[in-house]
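Here is a quick tour of one protein chain, topic by topic. Have the sequence and the 3D view open as you read.

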Amino acid sequence: MKFRATLGDVGARWLDRFAPVFDRLGGEATLLLTPTTVRVVQSSRVADGVAAHADFRVDEVFERCRISSACDDKIAVKLEPSALAGTVRGMIALEATRAECRLIKRRRSAASASAPCVNFKTTEASVEVERDVPVVGPLRGEEVRACEAAVEASVRDVGYWLECDRFALESLRECVERFARVSDVVEVTTTRQGGLYMNASGGSVRALGMEYRGLRVLPEEADEYDEGAPEAGGVAARLAEIKSAAIGTSVTLSVKHLQRGFLGCASHPSTLLLGISHNANFFELVFRYGAQTEREGDSVGFMVRIPVVDAADGIE
């Protein structure tokens with residue numbers, strides 16, 4: 001089993017965007033390396049109820065990458081996001097243009113056994129700097145396949161997506177913060193006409209909500225927006241009509257989970273896709289980075305899966 005790669009300054013800055021987000025979500029993440037992709041994955045157990053993963057095309061992160069293993073040339077290890085963040089930030093502080101990365105075993109002391117780590121070595125102005133990120137693993141083949149299955153399942157079961165630009169997603173994040181002051185849960189409704197509604201209530205506040213209309217619907221064939229449709233009535237009336245006509249999908253979510261999901265805003269995305277799974281048991285967020293990528297618009301993505309809760313049962 002071997003992993004050797006050259007991390008360029010572009011890849012270092014990508015990792016510097018995401019490692020702090022994973023650190024805030026939980027103290028452990030899985031680094032999944034394949035010949036074509038680099039993935040950082042956190043389970044709902046680690047991330048306090050939400051599941052998250054960042055996907056990179058390997059050439060978006062590494063200038064050169066060689067990987068081999070008995071598990072279809074795939075390697076997965078567990079690490080602390082804070083350790084990865086500190087290492088990458090140190091490379092950026094040195095203004096290093098690249099670092100040689102490899103998976104090795106290192107003896108910490110004469111009395112200790114060798115332990116695995118990802119070693120980063122940079123050389124700038126004739127000064128060589130090495131940093132080790134301790135890891136657990138490599139994981140067994142069945143653990144690697146389970147990690148892949150969890151990643152691939154997170155965005156495949158959504159009938160349509162609503163796309164929010166940077167201003168809309170920041171507005172959504174602020175709304176969720178306001179909701180947290182009045183309720184533990186929020187109702188989210190989406191429509192194929194590009195409508196998004198969020199509502200919460202509690203205590204002396206009867207209702208606190210927001211509405212977006214005319215959001216882009218993806219895929220385009222799922223868009224049922226009608227420019228000639230009447231827009232009479234207020235937000236409450238429109239939402240009531242949507243529910244009575246069964247033209248929208250509504251789910252109830254934990255505000256705490258939504259707050260954690262919107263930690264993805266700290267990675268400075270270009271747009272956000274959001275959608276509800278076909279069986280309405282998950283709310284999916286996909287942060288996208290568009291023209292910020294070096295390769296293609298979809299070569300970097302950050303996905304969050306939020307479980308639906310039963311409003312009648314409440315939040316424990």
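Alanine 280 is partly exposed, as its relative accessible area is 28%. You'll find alanine 280 in the loop between E16 and strand E17 (282-288). Keep in mind that this is a predicted model, so what follows describes a prediction.

- Alanine 280 isn't a glycine, yet its phi is positive, at about 55 degrees.
- Histidine 268 is another non-glycine residue with a positive phi, this one near 60 degrees.
- As for its setting, histidine 268 sits in the loop between helix H7 (255-261) and strand E16 (271-276).
- Is histidine 268 buried or exposed? With a relative accessible area of 51%, histidine 268 counts as exposed, because the cut-off for that label is over 50%.

**Cis peptide bonds**

- Glycine 137 and proline 138 are joined by a cis peptide bond, with omega at about 0 degrees.
- Look for proline 138 in the loop between strand E9 (127-136) and helix H4 (141-153).
- There's also a cis bond from leucine 218 to proline 219, where omega is near -5 degrees.
- Proline 219 belongs to the loop between strand E14 (216-218) and helix H6 (235-244).

**How H1 and H3 pack**

- Helix H1 (residues 9-25) and helix H3 (residues 81-93) have axes that come within 8 Å and cross at roughly 150 degrees.
- That makes H1 and H3 roughly antiparallel to each other, because angles over 145 degrees get that label.
- Which hand does the crossing of H1 and H3 have? The H1 and H3 crossing is left-handed.
- On the H1 side, the contact is made by Ala12, Arg13, Leu15, Asp16, Ala19, Pro20, Phe22 and Asp23. H3 meets them with Pro81, Ser82, Leu84, Ala85, Val88, Arg89, Met91 and Ile92.
- Sorted by type, the residues of this H1 and H3 contact come out as 11 nonpolar, one polar and four charged.

**Cysteines without a partner**

- How many disulfides are there? The count is zero.
- Take cysteine 71: its closest cysteine sulfur is in cysteine 147, 11 Å away, so the pair is too far apart for a bond. A disulfide would need the two sulfur atoms within 2.5 Å.
- Cysteine 71 is buried, with 14% relative accessibility.

**Around alanine 180**

- Alanine 180 is in the loop between helix H5 (166-179) and strand E11 (185-191).
- Its relative accessible area of 33% makes alanine 180 partly exposed.
- Which residues does alanine 180 contact, leaving aside its neighbours within four places in sequence? Those contacts are with Val255 and Gln259.
- Alanine 180 and leucine 25 are 155 residues apart along the chain, and their C-alpha atoms are separated by 18 Å.

Terms used:
Residues are numbered from 1 along each chain as its sequence is written. This is a predicted model: local features need pLDDT of at least 70, side-chain atom pairs count only at pLDDT 80 or more; totals for chains, interfaces and linings use all residues. Side-chain values use heavy atoms; hydrogens and water are left out. Buried means under 20% relative accessible area, exposed over 50%, partly exposed in between (1.4 Å probe, protein chains only). Axes are lines fitted to C-alpha atoms, for helices over the stretch in contact, and angles run from 0 to 180 degrees between N-to-C directions. Helices (H or I, at least four residues) and strands (E, at least two) are DSSP runs, numbered from the N terminus. Angles under 35 degrees count as roughly parallel, over 145 as roughly antiparallel, 65 to 115 as roughly perpendicular and the rest as oblique. A crossing is left-handed if the near helix is turned anticlockwise from the far one by less than a right angle, and right-handed if clockwise. Contact means heavy atoms within 4.5 Å. Ala, Val, Leu, Ile, Met, Phe, Trp, Tyr, Cys and Pro count as nonpolar, Asp, Glu, Lys and Arg as charged, and the others, Gly among them, as polar.
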